[in-house]
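Hi everyone, thanks for making time.

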Amino acid sequence: KNNEASDLDRRYKEEIAKADAALKAKDYATAKKYYLNAEALKPKELYPFDEVKEIDRLMAMQVVTKPDVKPTQEREKENLPVKEIVKEPLKELPIEAEERHETFKRERHVQELESGNYVIVGVFGSGTNAKNMAKKLVYTGFNANYGFGTEKSLWYVHIFNGDDINSARKERDKYRKHPLFKDAWLLTIQN
């Protein structure tokens, strides 16, 4: 057991060191990957969780403040007269391409989702994993919750629920602009 614990500590420290180095180099995606690896090794440690939260905040700020420009576009623009350089607007995701919308009837599980329309951002076979994701989203400032769907025996993490399907669609579209929720989809629970 002592060897297992020391091996776990070593692997955890290696992941943290790689994550810290990537974060210092502002390689947020790589840093996040290593922090999540460290968090999986030691779920009770707050440091990797806090760093992932900060990286998500920094990445969200990048999306808002930086236009989506590729290096070749930048080189082409250097030769254009100033009046022709235009910041491209953020591109809307085509809704038709990702119109995932599932519907099923409400059953009698203790933690069954109530009737309504939900914007789903995570699906899990484990209630603990769904709870952890919802808790992390709440911790980072989102109004998230989770519940069970008996029809598929899965746990669903949602960031919106309401009676009106059109309101749910608008919320889904709004959340899809955020990098964490680009795959958000709709779930309708009927009585």
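Helices (H or I, at least four residues) and strands (E, at least two) are DSSP runs, numbered from the N terminus. With that in hand, β2 and strand β5 (residues 185–190) pair in the antiparallel sense over 5 bridges, and Gly116 stands opposite Ile189 in β5.

Now, some housekeeping. This is a predicted model, where local features need pLDDT of at least 70 and side-chain atom pairs count only at pLDDT 80 or more, while totals for chains, interfaces and linings use all residues. Residues are numbered from 1 along each chain as its sequence is written, and side-chain values use heavy atoms, with hydrogens and water left out.

The protein chain has a mean of 83, and 80% of its residues reach 70 or more. Please be careful with residues 92–97, though, where pLDDT is below 50. That stretch has 6 contacts in the model beyond near neighbours in sequence, contact being heavy atoms within 4.5 Å.

Back to the sheet. It's open, has 5 strands in the order β1-β5-β2-β4-β3, and the pairing is mixed. At the edges sit β1 (101–105) and β3, each pairing on one side only. On average, neighbouring strands are turned by 40° against each other, direction ignored.

Two helices go with this sheet. α5 packs on it, touching β2, β3 and β4, and its direction makes about 30° with that of β4. α6 lies across β1, β2, β4 and β5, running at about 155° to β5. For those angles, axes are lines fitted to C-alpha atoms, for helices over the stretch in contact, and the angles run from 0 to 180 degrees between N-to-C directions.

So what's inside? A nonpolar core here is a set of buried Ala, Val, Leu, Ile, Met, Phe, Trp, Tyr and Cys residues joined through side-chain atoms within 4.5 Å. Buried means under 20% relative accessible area, exposed over 50%, and partly exposed in between (1.4 Å probe, protein chains only). The largest core has 17 residues, and Val119, Val121, Leu137, Val157, Ile159 and Phe181 touch the most other members. β2 (116–124), α5 (127–139), β4 and α6 (165–176) each supply at least two residues, with the largest share, 4 residues, coming from β4. Take Val157: beyond its neighbours within four places in sequence, its contacts include Val119, Val121, Ala130, Met133 and Leu137.

There's also a second, separate core of 13 residues, including Tyr12, Ile16, Ala19 and Ala22. Those four are also among the buried residues of α1.

On to α1 and α2. The end C-alpha atoms of α1 are 33 Å apart, which agrees with the 33 Å its 23 residues should span at 1.5 Å a residue; the expected span is 1.5 Å times one less than the number of residues. α2 has 14 residues and reaches 20 Å, close to the 20 Å expected.

Finally, Lys26, in the loop between α1 (2–24) and α2 (28–41). What is its phi? About 60°, positive although Lys26 is not a glycine. Lys26 counts as exposed, at 60% relative accessibility.

Conventions
Pairing = 2+ DSSP bridges. pLDDT = per-residue confidence, 0-100.
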